[in-house]
Amino acid sequence: MARRIGLLYFIAALLVTAGGASAQTAEPIRIGAILDQSGPVAPLGQYARVGIDMAVAEVNAAGGVRGRPIELVALNSESKPELAASLAVRLAGNADVMAIIGGNFAPASNSIGATVEKLAVPYVTPTALLSETQAKWRYSFFTLADFSEMARSILVYAQKKGYKRLGLIRVEREYGEQGSKFLREFSPKHGVEIVAEERGADGDRDFTAQLTKIRQANPDLIVVWFANPGGSLVIKNARQLGMNQPLVAPISMDGNVTVKLAGPVAEGLVVTSQIAGSEGLPRQQAFISAYAKANPANPEPNSFEAVGYDLVKIVVEALKRTDPPYTRAKVRDAIAALQFEGAGTVVNYKNRNAPTGETLVMIQLVKGRYVLAK
Amino acid sequence: MRTALAILVLVFPLVFGGYASALHLAILVGIYYTVCVGLTLIFGIGGQLSLAPAAFYGLGAYTSALLAVKLGVPVFIGFVAAAVLCGVTGWLLARPLLRLRAVYLAIATLAFGEILITLIRANTAITGGSTGIVELPAPSLAGFSFSTPGRYYYLVWTLALLSAWIGANIVKSRLGLGLRALAESEIGAASCGVHVARYKAWMFTIGAVLPGLAGALFVHYLGFISPDSFTVQFSILIVMILAVGGRDSFLGALIGAVLVTVLPIALASYERYSPLIFGVLFLASVMFVPKGLAGLLMAAVPKKK
Amino acid sequence: MDASAALQFLISGLTIGAIYAFVALGVSIVYSSCGIVNFAQGQFVMIGGMVAATLNAALSWPVPLAMLAGVVAAAATGAVFGRLFILPMLAAGEFPLILVTLGLSVVTEAVAVVVWGTDPVILDSLVKVDPIRIHGATLGPDSIMIVTVILAGLGLFSLFLTRTRWGRAMRATAVDRTVAASLGINARYVIVLAFTLAAAFGGLAGALLTPLISTSAQTGLLMTLKGFTAAVLGGMASPAGAVAGGFLLGIIEAMASGYISSTYQGVIASAILILLLVLRPQGLFTAFARQA
């Protein structure tokens, strides 16, 4: 049955792709999108796609850029770094593609970044800046807040609330590694001590052994530096063990999936997010209401959808400030001069190729909905 | 046949040099092909299922990358070091591991890869951890830097053809005959005077050196290294290449490498459906062309020597 | 570390071990009766979990009924795989058969991604009671449930093997396919039966583990690899050995992570596995289980 449905979908997709090509009359401006639509990071890739589609539809409904519609060339990189690099080369070979967006998997984004640097294609990525080398890249522009900023926000929150003993359980992946590094680096400044640190692999599904050890260190705040489903299972395991400490998590735990997986025991979870829950900051209002209209069953966007939306908006903003005929060099220069306040990110690429400190907002789960953390 | 292939490899950049994607694909194919030549000896000719290629690919890549970045060692010396380290590791692992049959060997080699990846992820200060290292230097020899895709292409394919040549000679040699005998029947081979343990150890060592070298070439081409390129997925990819192309000939490895490299890139525009299309094609190929496309080709072309 | 922590590590190991044991049992059923290494075993687990979770969430089926449907869907998939993909390829030999199961695994996962998307999903617990506390350690109802069911499942399967005609046919085929054929046993039926049973156990595992650890369309390969590791550890050729291997793997992981280091948990478990394999290439419990 599932097979037959799959086949039908496949045929339908072929028809749609074949039929869609000739619909537009004005020559479109093409943006390449490398998206992790399968493989371990696929949930993030699919979220990004939701935001990207919204933004493209919005821009085109408003008449496109100087009368020319935006056309997305979307490619699936399957959460594979080498495939992502190959797709960047493929897109670079298409002279109509003015910029590349996407790549939610950090290693994939890194290999796209290293590739476009050689091939001179502007690239706006939904990941965070990880190294000095990347800060010097001319063609890559980051939209996810630095991990140092996420760690700092968590420590500021701990300090404000008077928590002094912090227990950390983190994933053995690049974002967990970065989180641990910066929490350790900044914690003395905030009068916080990291009393326990335990790790788990991506594929781990039971964390009671790690949590039992953390419990013995007696922390008063626990940081869950994980993504789903691992992070939600940490929360469930912790509550089942009777650990009632308040919980904080970075952006990787943002979204409705946490509410679904962890259920009521996630109540009170604080998340460093890039979108302020259901309320929204002024700069996010338009996106949140458009999103709610498009998804009545699930009206709260998550950070990755908001960031995906901004990827397109950043490129479009740069196109609007460029005089045709468009070239990649001109588009790159326009992005590099951009100061932009979007739904999911705040950047000033004149200063650095990554977001400013205003990007992060602390939100909290209250009665199953995200609101601004008090 | 062989000469035609060599000429094709030689002139490819002169024809397609203007197309960045063609050159890029050719470099990847060359790298995968090198891995597969090593594995053909183990899978096809030795009849053993090893999931170690990812581990040796990663070991070689990290050896050369870390020597270059942390100690400033010239990349070519790093390549040699990668080959030597992988060879020694392969030789040491061969005796205990190759006593294992079929799926036992697969799981043991998988566990070896798991150990390596965990050590790489955990020792951030040395390896760059899960975050990896960006901006690896390009290799250079006597002042000549292999920094453009065109130059890198020749570097990769020199190695690929060299390894295919060595592989072909091994197959024809006493060692190769011994390996084939082993695949047929271990006891039979032993009774005919085939030194089972030593042949297997050689096979495993060559199957470690070539992926190691290929891994080193790969990361210095990409300019970026992280443990995610060396997971079990890579070993599965190699098994797929050999399955599609035909696992008992080097021509099969080449056909497989081309298809398995090009298809995901070509299918990527079907987005969510691309792994499905790829999977169906793969399943169809193992069901309907069990000897691989090379076998099909060999059967179609009349035999001549 | 005190006794309550030790007990907690043990509980954690048994719970996760029961999941591995379930997958390993399926791997072993197919391997022991028809000598086929089935790389698609983890996909049955995925189907069981995803079908149950979808029916419960989208159509509001009660959890037990949704779980049952998950088991049936997995078993049906297993029967189809056995009949349509394995039987025609029997003559091709061991290696091509492994590749066919690998291909089936890839295709199943790809279909699941298209049908269900990639977000992880979860189910309500089957039994809604509070966790039990013993000596400061916590034992959840789902853990008791899954450990009980795998042990009961193994017991029933052993009874099936020794007491029923079909079970005896499976055992005979396992020993020697030609001799079994001369006794009038059709090996083709046995193979389809083995795939169906293995898939049913896989589906049951998937349905039961979803409330505990969630599932997703892409969880199959991970399950396959864990199941194989467990089965190889205990002995592929014996279902009881494979189940014991599952529990052992779970306990090694939990103890390594509790007493030594969660960072090197993977290294320790893998090193123990390699060591045991080298010392006892046929699996730890094989001889023991054969005698039993």
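Two strands pair if DSSP finds at least two bridges between them. Strands themselves are DSSP runs of E with at least two residues, helices are runs of H or I with at least four, and both are numbered from the N terminus. With that in hand, take strand β13 of chain A, residues 361–366: 4 bridges join β13(A) to β14(A), and the two run antiparallel. Within that pair, A:Leu365 stands opposite A:Tyr370 of β14(A).

Before going on, the housekeeping. This is a predicted model, in which local features need pLDDT of at least 70 and side-chain atom pairs count only at pLDDT 80 or more, while totals for chains, interfaces and linings use all residues. Residues are numbered from 1 along each chain as its sequence is written, and chains are lettered from A and ligands numbered from 1 in the order in which they are written.

Back to the sheet. β13(A) and β14(A) belong to an open sheet of 7 strands in chain A, with the order β7-β6-β8-β9-β10-β13-β14 and mixed pairing. Its edge strands are β7 (193–200) and β14 (369–372) of chain A, each of which pairs on one side only. From one strand to the next the twist averages 25 degrees; for angles, axes are lines fitted to C-alpha atoms, for helices over the stretch in contact, and values run from 0 to 180 degrees between N-to-C directions.

Helix α6 of chain A, residues 147–161, packs on this sheet, touching β6, β8, β9, β10 and β13 of chain A. The direction of α6(A) makes about 145 degrees with that of β10(A). Contact here means that the C-beta atoms of two residues, placed from the backbone, lie within 7 Å. Helix α8 of chain A, residues 208–216, also packs on the sheet; it touches β6, β7 and β8 of chain A, at about 170 degrees to β7(A).

Next, strand β1 of chain A, residues 29–35. Of its 7 residues, 6 are buried; buried is 20 or more other C-beta atoms within 10 Å of a residue's own, exposed is 12 or fewer, and partly exposed lies in between, with C-beta atoms placed from the backbone. β1(A) pairs with β2(A) in the parallel sense over 7 bridges, and β1(A) also runs parallel to β3(A), residues 97–102, through 5 bridges. A:Gly32 has A:Val73 as its bridge partner in β2(A) and stands opposite A:Ile100 in β3(A).

One loop residue: A:Asp323, between α12 and α13 of chain A. Why is A:Asp323 exposed? Because A:Asp323 has 8 C-beta neighbours inside 10 Å. Its C-alpha atom is separated by 9.9 Å from that of A:Arg66, 257 residues apart along the chain.

Now the interfaces with chain B. In chain A, 34 residues are in contact with 30 residues of chain B. The largest share of that side of chain A, 9 residues, comes from α3(A). By class, the side has 14 nonpolar, 13 polar and 7 charged residues. Ala, Val, Leu, Ile, Met, Phe, Trp, Tyr, Cys and Pro count as nonpolar, Asp, Glu, Lys and Arg as charged, and the others, Gly among them, as polar.

In chain C, 32 residues are in contact with 30 residues of chain B. α4(C) gives the largest share of the chain C side, 13 residues. That side divides into 26 nonpolar, 5 polar and 1 charged.

Last, helix α1 of chain C, residues 3–34: 25 of its 32 residues are buried. Just after α1(C), C:Gly35 takes a positive phi of about 65 degrees.
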